[in-house]
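Subject: Structure handover

Hi there,

Here is the structure I promised to pass along.

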Amino acid sequence: MASTNRVSEICADEEIDLIRLLFVTQSGAIRAHAVDIEKVDSAVDTGVTISELVQTYNAFGRRDKDGRFDAAGEVMLHPDRETFRRLPYAARAGAMLCDIETLDGEPWTVDARSSLRTLQTEFADAGLAPSVAFESEFHLFEQQDGESQRVDHRGAYSTASTRETHETILAITDALKAQEIPVEKYYPEYAAGKHEIVTGHRSGLQAADDCVLLRETVDSVARKQGYQSTFVPKPFDNATAGCHIHVSLWDDDNVMYDANLEGLSRTGRQFVAGVLEHAPGLCGLTAPTVNSYARLRPQYGAAAFVCWGRGNREALVRIPAPDPQDPAGSTRIEFRAADNTANPYLGLLGLLAAGRDGIERDLEPPEPVAVDPGSLSEGQRADRGIDRLPRTLGEALDALEADTTLQEALGDDLFETYLGVKRSHWEAFTRSANSWQRDRLRSVY
């Protein structure tokens, strides 16, 4: 969004005095430093110093004391000038997304955004460009007599839910559009108080940036409207929230489309096969909190089994029905075992790496599943090779640790740091994943 002028000049023209430098840690939480207009150009040119330790805190702000970093190390937040924007929900404020670099100005190998950028470049070198969109689900709630109460109690896609929260949703979509984030669709979801906003397809890095900015926007606008929001995967009883990731690959055309193969090309099938192959480890990146596994259950409106299907909303990978007016442009895969407690850069990095592995190894997926896999018997699932996804974060982290393809995609430093942070989260788990620290999580995500 930035013009060719210095950022300070743009800020002066738009009466912006404070610029938030946004980044996402291994925990998946969004963090920020802010600089005054007088310091913003030097921040863009040389960066802002922060402690390495910031990447070792889990979702509850507890440091992984067994991790590789201690109090002495420092790195630099480097704002990406191209991501500069005014924040329509915060007076005299702007924001930029940041990479993290070493003091020598090199990409820090623990930074997920830089790592996703590197993978995207590797795809480009192979003549492919990922087109990505995130479907973000969230709940609106408020405090009444010390209790968290959802804003409406209708649910089930009720039109009454759209009426009750119309002003808030309109303010959110207006704020997203003001930041040049394309909004394609909104609707109230199945659970009471639950909503979904679908943003437009962008390059991989841009889409992950949009996901971060959407989370910030929803939370900020909701608070201005007198509500609170949460992206926690199971924030209340009888309620879940996910973040489905849509991916297609392009050269000049959509290489996932082939009219002669029921719409999904050989490359598309290979990509699906790679995702299925690495599904258990992928969950460690895309469903990275204890609470995530209260959502990933059979017949719960979320994926629980390793399978794929056309239009199948209980499959891990769904092939959505394409636009009949533009099947070549709209054919894509949807990965459903993701939620917004994930670092979107890491989740997308893992998903693209898994799909690429399927392409490079010429993997072939099993037959698509045309029924709810939860309705099949264990024997029927076994006969069709339909395995259960990890049931706990600990199980998913074990699978991630054993997945050399995902480890290579992240690189040793990022992989080791991430696992340490998430192990500390898992080890703090002492009660049921259905309710453990749910109130605290709602304040983080």
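The crossing of H3 and H10 is left-handed, a label used when the near helix is turned anticlockwise from the far one by less than a right angle, with clockwise counted as right-handed. Please keep in mind that this is a predicted model, in which local features need pLDDT of at least 70, side-chain atom pairs count only at pLDDT 80 or more, and totals for chains, interfaces and linings use all residues. Residues are numbered from 1 along each chain as its sequence is written, and side-chain values use heavy atoms, with hydrogens and water left out.

Helix H3 covers residues 112-125 and helix H10 covers residues 344-360; their axes come within 9 Å and cross at roughly 30°. Helices (H or I, at least four residues) and strands (E, at least two) are DSSP runs, numbered from the N terminus. Axes are lines fitted to C-alpha atoms, for helices over the stretch in contact, and angles run from 0 to 180 degrees between N-to-C directions. H3 and H10 are therefore roughly parallel to each other (angles under 35 degrees count as roughly parallel, over 145 as roughly antiparallel, 65 to 115 as roughly perpendicular and the rest as oblique).

On the H3 side, the residues that meet H10 include Leu116, Leu119 and Phe123, and among their partners in H10 are Leu348, Leu349 and Leu352. Contact means heavy atoms within 4.5 Å. By class, the contact of H3 with H10 has 10 nonpolar, one polar and three charged residues (Ala, Val, Leu, Ile, Met, Phe, Trp, Tyr, Cys and Pro count as nonpolar, Asp, Glu, Lys and Arg as charged, and the others, Gly among them, as polar).

H8 takes part in two further helix pairs. The axes of helix H7 (residues 266-277) and H8 come within 5 Å and cross at roughly 80°, so H7 and H8 are roughly perpendicular to each other. Val275, Leu276 and Glu277 of H7 make this contact with Ala279, Pro280 and Leu282 of H8. Five of the residues in the contact of H7 with H8 are nonpolar, none is polar and one is charged.

For helix H8 (residues 279-286) and helix H12 (residues 393-401), the axes come within 7 Å and cross at roughly 115°. The crossing of H8 and H12 is left-handed. Pro280, Gly281, Cys283, Gly284 and Leu285 in H8 meet Ala396, Leu397, Ala399 and Leu400 in H12. That contact of H8 with H12 has seven nonpolar, two polar and no charged residues.

Now for the open space. The largest pocket holds about 670 Å³ and is lined by 31 residues, with Glu137, Tyr187, Glu189, His244 and Arg336 nearest its centre. On a 1 Å grid over the protein atoms alone, a cavity is a set of points where a 1.4 Å probe fits but cannot get out, and a pocket is an open set with protein on both sides within 12 Å along at least five of seven lines; lining residues have an atom within 4 Å of a point. Grid points are joined across faces, edges and corners, and a volume is the space filled by probe spheres set on the points.

Which strand gives the largest share of the lining of the largest pocket? E10 does, with four residues. The lining of the largest pocket has 10 nonpolar, eight polar and 13 charged residues.

There are two cavities of 30 Å³ or more. The largest cavity has about 50 Å³ of space, and its lining includes Phe134, Cys211, Cys243 and Asn343. The second largest cavity has about 40 Å³, and Asn343 is also among its lining residues, as are Ala112 and Arg113.

Best wishes
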